[in-house]
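Hello,

Here is the structure I promised to hand over. Please open it first; my notes follow below.

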Amino acid sequence: MGKSLFQKVWDAHSVRELPNGQTQLLIGTHLIHEVTSPQAFGMLRERGIPVRFPHRTFATVDHIVPTNEVAEPYSDPLAQAMIEELRKNCADHGITFFDTNTGHQGIVHIVGPEQGITQPGTTIACGDSHTSTHGAFGAIAFGIGTSQVRDVLATQTIALNPLKVRRINVDGELAPGVYAKDVILHIIRLLGTKGGTGFAYEYGGSVFDGFSMEERMTVCNMSIEGGARVGYVNPDETTVEYLEGRPYAPKGAAWDHAAERWLSFASDPDCDYDDVVNIRAEDIAPTVTWGITPGQAVFIHENIPSPDDGETESARESISEALEHMSFAGGEPIKGIPVDVAFLGSCTNGRLSDLKEVARFLEGHKVNPRVKAICVPGSQAVGKIAEELGLDRIFKEAGFEWRAAGCSMCLAMNPDKLIGNQLCASSSNRNFKGRQGSPTGRTILMSPLMVAAAAVTGEIADAREVFGILEPAGV
Amino acid sequence: MALENIHLVRGRAVHVPGDDIDTDRIIPARFMKCVTFDGLGEYLFYDTRHTPDGEKKDHPLNDPRFDGASILISGNNFGCGSSREHAPQAIYRAGFRAVIAESFAEIFFGNSIQLGMPCVTADAADLRELAAAVRADPSMTVEIDVKDRVVRFGGEEIPCGLRDGARQSLLEGHWDPIQDLLEGVPEVEALASGLEYMRA
């Protein structure tokens, strides 16, 4: 019997069994940011424990950085205090910090891959649930709490139970205008927001074979929205090609050896999965959320559900609660709902390929005057290349604000927030109540091009119609 | 530093109904602009407890009959969303010492156990019965027996779920693993030296 990638990486990083039966698991790569690390450093100081492997922790600042002001001190003294605390902790412990003046700052899940820090066959942890993003490279990557950030700093390990593995095959061909974001929203809609609890999701099939690394990252990123702490894609030539020449990728003779070793981590063809799910690519259409969990989603041509559509009492209550928050009646089309804000960015969809794809269609269009549209590159590097390609000009001419790198309006720990009950067409990952900074704010998750379509029309729209993308027959 | 062995959690309870109560709801992100966890308890469920103007709304945690409750009861997929330990920290610092729900999101569950705050599951019908009993008599004592995996209240007893590793960690005082992890450091160094990508 062969082994899955999960088992191979788990076995290679298992230190020993702990007294409570859990595994002491080596975390090869630790990423930190300003929100969930300061208390961990504080706990180390209290106990007088040093950072054990400082060269295996990498830091950046993303959640609290303003995207509309660059000079420090920031207008928000709390944000200023947090960036300074991280700076000091990194300096005190000899940790590499991709600070705002390095040209390499950005959302932690965009910085790791673009630096080549994220590599196949490794374990990666970060005090952020979207760490699952790094699984796109065939790493076992997951979010941890702050006490575990302390554990990693102190010992480079955490206590963990192994996960089961669910293989999710998406085979066939996605129709034009259907993106990686639609694939993951569809998977969550099918399997539910807690369907992945206890599982690592292994994504495969012809759609993933053909996906770029950035598309794979979009899907792995939202594994946690489906309840799966870990999501990954087996490494292949696409993975190796992406990493070649990156700052932290092996060089010279070490490179050839590394590439070969990386590919050996891929799941064996005869490995045994705990569960297998098969999805046809042709069944997926552009998908948007209508409620307050990422699983409450419909295709763009479908109607918003009514409470009567719930199969159980608690499902009916959940639909009612979501409709009430969203101010929807239930039963009406999702298409045509007016939007106030369009947000393009985040660790889900703030990469260069996202901006390029939108710019390709946006040129020559104008943002509806009643919509506030912002485009936030996921990292300084993404922003710089986008500017070299002239994408910033396309966004600005269309009426988008062009911003500096950060998490921005995905979670609004910075000045980018919804106001009152504004409705936001968002390329981010969570539509929870209050997620975008206003307790009554409303979020509809969708692909970047659908965000652009909403910005241009001022309402939830089908990007394929707005931008003249031909639909093949049958979808 | 030896940790407390947690066999039983006893106290009064409060029911916060709903499924998919996410970490943003438990502690809105704007309250995480801090470098310590001190004071987070005050902001627990802030946006569901207050109007946008800061007025208190009708919410079980604003109801004086449930003041001092130390056991939180909720629904399915409790604690879904982010990995922020601020969520269980806010619950703990608001005085809670255990949560009973139909199911828990995984990262939230692990973070809570690591604080020594048991999170036990119960099936929907039992939870409804427990919640009704608590609403009828807020002064009633609820007892979570970690060892026997049962919840007792008002002469009733319902089974509850708690996975073996977590149960053992609580019972034997290993819920915060830092000491055990530190003891393994020589083996960690040996394993790390064999992994090419971990060499300095």
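In chain A, 38 residues of domain 1 are in contact with 37 residues of domain 2. In contact means that the C-beta atoms of two residues, placed from the backbone, lie within 7 Å. By class, the domain 1 side of this contact has 14 nonpolar, 17 polar and seven charged residues. Here Ala, Val, Leu, Ile, Met, Phe, Trp, Tyr, Cys and Pro count as nonpolar, Asp, Glu, Lys and Arg as charged, and the others, Gly among them, as polar. Helix 6 (180-191) of chain A gives the largest share of that side, six residues. Helices (H or I, at least four residues) and strands (E, at least two) are DSSP runs, numbered from the N terminus.

Before you read on: this is a predicted model, where local features need pLDDT of at least 70 and side-chain atom pairs count only at pLDDT 80 or more, while totals for chains, interfaces and linings use all residues. Residues are numbered from 1 along each chain as its sequence is written, and chains are lettered from A and ligands numbered from 1 in the order in which they are written.

Domain 1 of chain A covers 5-275 and domain 2 covers 286-466. These bounds come from an automatic or database domain assignment. The C-alpha centres of the two domains lie 24 Å apart.

Next, the core. The largest nonpolar core holds 208 residues, and A:Val288, A:Ala342, B:Ile71 and B:Ile100 touch the most other members. Such a core is a set of buried Ala, Val, Leu, Ile, Met, Phe, Trp, Tyr and Cys residues joined through C-beta atoms within 7 Å. Buried means that 20 or more other C-beta atoms lie within 10 Å of a residue's own; exposed means 12 or fewer, and partly exposed is in between. Helix 16 (residues 448-457) of chain A gives the most to this core, eight residues. Both domains of chain A give residues to the core, so it lies between them. Beyond its neighbours within four places in sequence, A:Val288 is in contact with residues including A:Ile300, A:Leu445 and A:Met450.

The chains also meet: 52 residues of chain B are in contact with 63 residues of chain A. The chain B side divides into 21 nonpolar, 15 polar and 16 charged residues.

Last, a sheet. Three strands of chain A form an open sheet in the order 1-2-8, with antiparallel pairing. Strands pair if DSSP finds at least two bridges between them. Strand 2 (residues 23-26) and strand 8 of chain A share four bridges.

Best wishes
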